[in-house]
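Try each task before you read its solution.

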Amino acid sequence: MTMKNIDAVIFDWAGTTIDYGCFAPLLVFIKIFEDRGISITTDEAREPMGLLKIEHIRALTQMENVRNQWIERYGSKPTEQDIVNMNEEFEAKLFEVLPDFTDPIPGVLEVVKELRDRGVKIGSTTGYTREMMNIVAECSKEKGYAPDFYTTAEDVKEGRPYPWMIYHNAMNLGVYPVTRMIKVGDTVSDMLEGRNAGITTIGVILGSSVLGLTLEEVNIMAPDQLELKIDAARETFMEAGAHYVIDSMDELVPLIDALEKQTEVLI
């Protein structure tokens, strides 16, 4: 089968194609605040997920709970220098663990192969920096996942929620008009990025930062409890602007088949 309307799929990385549950950055975000005597919850740490990492840290410092703890401990709100210092510490710690969080999420390799067999190009965007991606991309390639192109916020004017990384993919993959691409991601910022680019935007739940569970937790969780969490994640994606939400990557190709039957890709 050859695609008629869809020339490329633009995937996110951590939580979408690799690192089930998006845990590499999560644990480090919590640690750098903990080192400063500030306690943040996993939900708080995940909320800005998908942004460039320094912007993620900045967003965390603007949360009421975090800001109030900081003021109580240090007598003032976090400064820009505090944010820069935490980002430097974040990067140093993340580089140590990144290679351990590059396993492809179940179903990804099969889906990518199927898409390529149909002539679809594989692009990607990320909240990781270029230096981080040098590690992530190489480790992921060794494990079987390598998109045709990837870009970071450092390669364009601004990262998510702005659409520039998607447009950078379009230019380098040679896809025009941009509506012949689909965005697939696992965070609110992914949904905003896709919608702001004017392309069909799909949220994927299992393995996502929004769901926030390990594969082991998913496998042992009571079905009714898991379904409640999946429903909550679906609602989060829809509220963020997703055109479609799928439970797992296995559902992506059938959804694309359905879109191909339409005369135009949804915009």
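**Exercise 1.** Find the volume of the largest pocket and say what lines it.

*Solution.* Start with the volume: the largest pocket takes up about 380 Å³. A pocket here is an open set of points on a 1 Å grid over the protein atoms alone, where a 1.4 Å probe fits, with protein on both sides within 12 Å along at least five of seven lines; lining residues have an atom within 4 Å of a point. This is a predicted model, where local features need pLDDT of at least 70, side-chain atom pairs count only at pLDDT 80 or more, and totals for chains, interfaces and linings use all residues. Residues are numbered from 1 along each chain as its sequence is written, and side-chain values use heavy atoms, leaving out hydrogens and water.

Next, the lining: there are 18 residues, and Asp43, Arg46, Ser209, Val210 and Leu211 lie nearest the centre. H11 (223–239) is one of the helices that supply at least two residues, and H11 gives the most, with four.

Last, sort by class: nine nonpolar, five polar and four charged.

**Exercise 2.** Which residue classes line the second largest pocket?

*Solution.* This pocket holds about 160 Å³. Its lining includes Asp19, Tyr20, Phe101 and Glu216. The count is six nonpolar, one polar and three charged residues.

Notes. Points joined across faces, edges and corners; volume = space filled by probe spheres on them. Nonpolar A, V, L, I, M, F, W, Y, C, P; charged D, E, K, R; others polar.
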